[in-house]
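Please look through the sequence and the model shown here before reading on. The report is meant for someone meeting this structure for the first time.

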Amino acid sequence: MNFWEYVSTRHQQLLTDAFQHVSAVFQCMVLATVLGVVIAVLSYRSSWGGSLAITSTAMILTIPSLAAIGLLIPLVGLGVPPTVIILTLYGLLPVVRNAIVGLRGVDPSLVDAAKGIGMSRTARLCKVELPLAWPPILTGIRVSTQMLMGIAAIAAYASGPGLGNEIFRGLASLGSANAINQVLAGTLGIVVLALLFDAAYVLLGRLTIPRGIRV
């Protein structure tokens, strides 16, 4: 059968895998964003602290994702746990780096003005610094999400959820009638989902970033 016939006969399974893929990436991206912003908030005021945070999270990306998943299997088993751990850790660097850059780029006069009207340090952070740092943070989230869409496919090696299962099934049966269709369906599905995610982030940016800051 050709590719479109394969998709029409397997559309329910493909939709299920696509939903699981999106769900895994979205949930891990939320975790990575929260952790990344917390790390940035704790370290951006210190030069060595910020460098340490960026270097530490950058070192994670030097570990091949397939090897990292293989190392986690004996510790946490197969399925969701290694997928969540890997995706969350690999999503940290762009968020941490952009959050630190954004927080350091806030105009000091605005922070001083907030301090002058009696805002506490926490209030200044939540009402002044983080909102002004949001555009670069959102850019970091977009970059991380695009990376995780591809890395999530590799999680199928550890029986993780998502479209990677379709790709691995096709690779394991190369030479069979539908092997190429399986790989192509999984790959194109991930590309389409990544584009939809990015479009959603563009819309989120238009809704949450004031026009003056965007310009």
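## Basis of the model

This is a predicted model, in which local features need pLDDT of at least 70 and side-chain atom pairs count only at pLDDT 80 or more, while totals for chains, interfaces and linings use all residues. Residues are numbered from 1 along each chain as its sequence is written, and side-chain values use heavy atoms, with hydrogens and water left out.

## Annotated regions

An unreviewed UniProt entry gives the annotation "domain: ABC transmembrane type-1" to residues 18-201; UniProt positions follow the numbering used here, feature names are shortened, and annotations may be inferred rather than shown by experiment. Over residues 18-201 the chain is 83% helix and 0% strand, with the end C-alpha atoms 19 Å apart. Helices (H or I, at least four residues) and strands (E, at least two) are DSSP runs, numbered from the N terminus.

The unreviewed entry in UniProt also places the feature "transmembrane region" at residues 24-44, 51-73, 137-159 and 179-204. Residues 51-73 are 87% helix and 0% strand, and their end C-alpha atoms are 31 Å apart. Residues 179-204 are 100% helix and 0% strand, and here the end C-alpha atoms are 38 Å apart.

## Helix α3

Helix α3 (residues 47-61) has 15 residues and reaches 22 Å from its first C-alpha to its last, close to the 21 Å expected at 1.5 Å a residue, where the expected span is 1.5 Å times one less than the number of residues. Its residues G49, G50, A53, T57 and I60 are buried, and seen down the axis of α3 the buried residues fall within an arc of 105°, so they line one face of the helix. The arc is that of the directions from the helix axis to the C-beta atoms.

Buried means under 20% relative accessible area, exposed over 50%, and partly exposed in between (1.4 Å probe, protein chains only). The buried residues of α3 pack against α2 (11-43), α5 (80-90) and α6 (92-104), whereas the face turned away from the buried side carries the exposed residues S47, W48 and M59.

## Single residues

D17 lies in helix α2 and is buried, with a relative accessible area of 3%. Leaving aside its neighbours within four places in sequence, D17 is in contact (heavy atoms within 4.5 Å) with G162, L163, E166 and R169.

The structure holds zero disulfides, a disulfide being a pair of cysteine sulfur atoms within 2.5 Å. C28 counts as buried at 2% relative accessibility, while C126, at 46%, counts as partly exposed.
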